[in-house]
Amino acid sequence: METCIFCKILAGEIPSSKVYETEELLVFRDISPKAKIHLLCIPKEHFARLTELDDRREALLARMMRTIAEHHAEWGLADGYRLIINQGEAAGQSVQHLHIHILGGEPLPWE
Ligand code: 5GP
Ligand code: ZN
């Protein structure tokens, strides 16, 4: 996807602060953090929505979640973190490449 900003980050065409990388996913710092620590976990394969999941992508998403579970403490999130996946414009999805927001590093308001 030529126009996708996250694909450009994956291609190295836009710089990013990388935190963790495998052959199928990247974790990097959000450019406009909404919490003291704000990371984004993205698949290297471009797709935008959970409605585009198939069996293979379902397994990939599970591995993304497991990667977060296994490595969050290394990223400064041992005290807790919040995962958010915005889906669609009304929910604030501004980048059409599936991403998991990982927020933490401080107490997060909920109510
Ligand atoms: P969404 O609003 O689609 O759920 O989340 C997209 C996120 O991508 C936003 O939190 C935004 O700050 C982040 N973002 C947009 N462009 C860039 C960029 O060029 N680099 C980085 N690191 N984050 C970006
Ligand atoms: Zn993309």
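Helices and strands, as named in these legends, are DSSP runs numbered from the N terminus. All views show a predicted model.

**View 1. The largest pocket and the residues that line it.** The volume of the largest pocket is about 420 Å³. Its lining is made up of 24 residues. Those that lie nearest the centre of the pocket are Phe 6, Asp 30, Ile 31, Ser 32 and Leu 40. By class, the lining comprises eleven nonpolar, ten polar and three charged residues.

View 2. Four elements each supply at least two residues of the lining of the largest pocket: helix H1 (5–10), strand S2 (25–29), strand S3 (37–43) and strand S5 (100–104). The largest share, three residues, comes from H1.

**View 3. Ligand 1 in the largest pocket.** Ligand 1 sits in the largest pocket. It is surrounded by 16 residues. The closest of these are Arg 29, Asp 30, Gly 92, Ser 94 and His 101. The shell around ligand 1 divides into seven nonpolar, seven polar and two charged residues.

**View 4. Elements that contribute to the shell around ligand 1.** Both H1 and S2 supply at least two residues each to the shell around the ligand. H1 provides the largest share of this shell, namely three residues. H1 likewise gives the largest share of the lining of the largest pocket, also three residues.

**View 5. Polar atoms of the protein beside ligand 1.** Asp 30 has a polar side-chain atom 2.5 Å from an oxygen atom of ligand 1. For Ile 31, a polar backbone atom lies 3.3 Å from a nitrogen atom of the ligand. For Ser 94, a polar backbone atom lies 2.7 Å from an oxygen atom of ligand 1. Taken alone, ligand 1 exposes 520 Å², and the protein buries 86% of that area.

View 6. Asp 30 and Ile 31 are among the residues nearest the centre of the largest pocket. Asp 30 is also one of the residues closest to ligand 1, and the atom that lies 2.5 Å from a ligand oxygen belongs to its side chain. In Ile 31, by contrast, the polar atom 3.3 Å from a ligand nitrogen belongs to the backbone.

How values were computed: Residues are numbered from 1 along each chain as its sequence is written. Chains are lettered from A and ligands numbered from 1 in the order in which they are written. This is a predicted model: local features need pLDDT of at least 70, side-chain atom pairs count only at pLDDT 80 or more; totals for chains, interfaces and linings use all residues. Side-chain values use heavy atoms; hydrogens and water are left out. On a 1 Å grid over the protein atoms alone, a cavity is a set of points where a 1.4 Å probe fits but cannot get out, and a pocket is an open set with protein on both sides within 12 Å along at least five of seven lines; lining residues have an atom within 4 Å of a point. Grid points are joined across faces, edges and corners, and a volume is the space filled by probe spheres set on the points. Ala, Val, Leu, Ile, Met, Phe, Trp, Tyr, Cys and Pro count as nonpolar, Asp, Glu, Lys and Arg as charged, and the others, Gly among them, as polar. A residue is near a molecule or strand if one of its heavy atoms lies within 4 Å of it. A polar contact is a pair of N or O atoms within 3.5 Å; within protein, one must be able to donate a hydrogen and the other to accept it, and residues adjacent in sequence count only if both atoms are side-chain atoms. Accessible areas come from the Shrake-Rupley method with a 1.4 Å probe; for residues, only the protein chains shown count as cover. A molecule sits in a cavity or pocket if more than half of its atoms lie within 2 Å of its grid points.
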